[in-house]
Amino acid sequence: MLNYNVRGENIEVTAAIRSYVEKRLGKLEKYFTNTAESTAHVNLKVYPDKTAKVEVTIPLPYLTLRAEETSPDLYASVDLVTDKLERQIRKFKTKINRKSREKGIRDFDLTVLAADANDDSKEEKLDVVRTKRVNLKPMDSEEAILQMDMLGHNFFIFEDAETNGTSIVYKRRDGRYGLIETDEQ
């Protein structure tokens, strides 16, 4: 059973919007037959350019489902997020079913096998496949962005000429740039 926590930023969450969100996310409840009650945290944002972003997070004991979508239509964003979450759930259930076949279990409880799914972290090693060393050159953020674009990368690490600290510029999904500055002590 899903409970819904629907919040709006720059938008009033009307009864119609809340009802639509609950109806669409309610499709996912068929996958949660063996779980205790969970809360779906839904955040609706409307930007000045009239695009709508929908973020949904569903924390479960064995898995956290999270998806976000942005589109010109709020209702379309809700539909896209629901589809994305459904794909995540199906992928997880396929993984569980594969494990159950390997172990010879026919009827299984999702909550019992979900604990086994967490054992994947023991099986899968996080191998570093490549190591790269960089010389940090003092420059300003604009020069770092130019360097990043010239290299065709999504981020660039540099030494900030003003603060002498290590900083990172990165390209955001919206095409603009972000800057991460470190607090060195």
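Two strands count as paired if DSSP finds at least two bridges between them, and helices (H or I, at least four residues) and strands (E, at least two) are DSSP runs numbered from the N terminus. The model is predicted, so that local features need pLDDT of at least 70 and side-chain atom pairs count only at pLDDT 80 or more, whereas totals for chains, interfaces and linings use all residues. Residues are numbered from 1 along each chain as its sequence is written, and side-chain values use heavy atoms, with hydrogens and water left out.

**View A. The hairpin of strands S6 and S7.** Strand S6 (residues 155-160) runs antiparallel to strand S7 (residues 166-171), and five bridges join them; Ile157 has Ile168 in S7 as its bridge partner. Five residues lie between the two strands, and Asn164 in the turn has a positive phi of about 60°.

**View B. The hairpin of strands S7 and S8.** S7 also pairs with strand S8 (residues 177-181) in the antiparallel sense, over five bridges, with Glu181 in S8 as the bridge partner of Ser167. Five residues separate the strands of this hairpin, where Gly175 takes a positive phi near 90°.

**View C. The nonpolar cores.** A nonpolar core is a set of buried (under 20% relative accessible area, 1.4 Å probe, protein chains only) Ala, Val, Leu, Ile, Met, Phe, Trp, Tyr and Cys residues joined through side-chain atoms within 4.5 Å. The largest has 24 residues, of which Leu25, Val42, Val54, Val56, Ile58 and Leu85 touch the most other members. Helix H2 (74-103) is one of the elements that supply at least two residues of this core, and H2 gives the most, with five residues. Another core, of seven residues, lies apart from it and includes Phe158 and Val169.

Definitions and conventions
Buried < 20%, exposed > 50% of the residue type's maximum accessible area, 1.4 Å probe, protein only.
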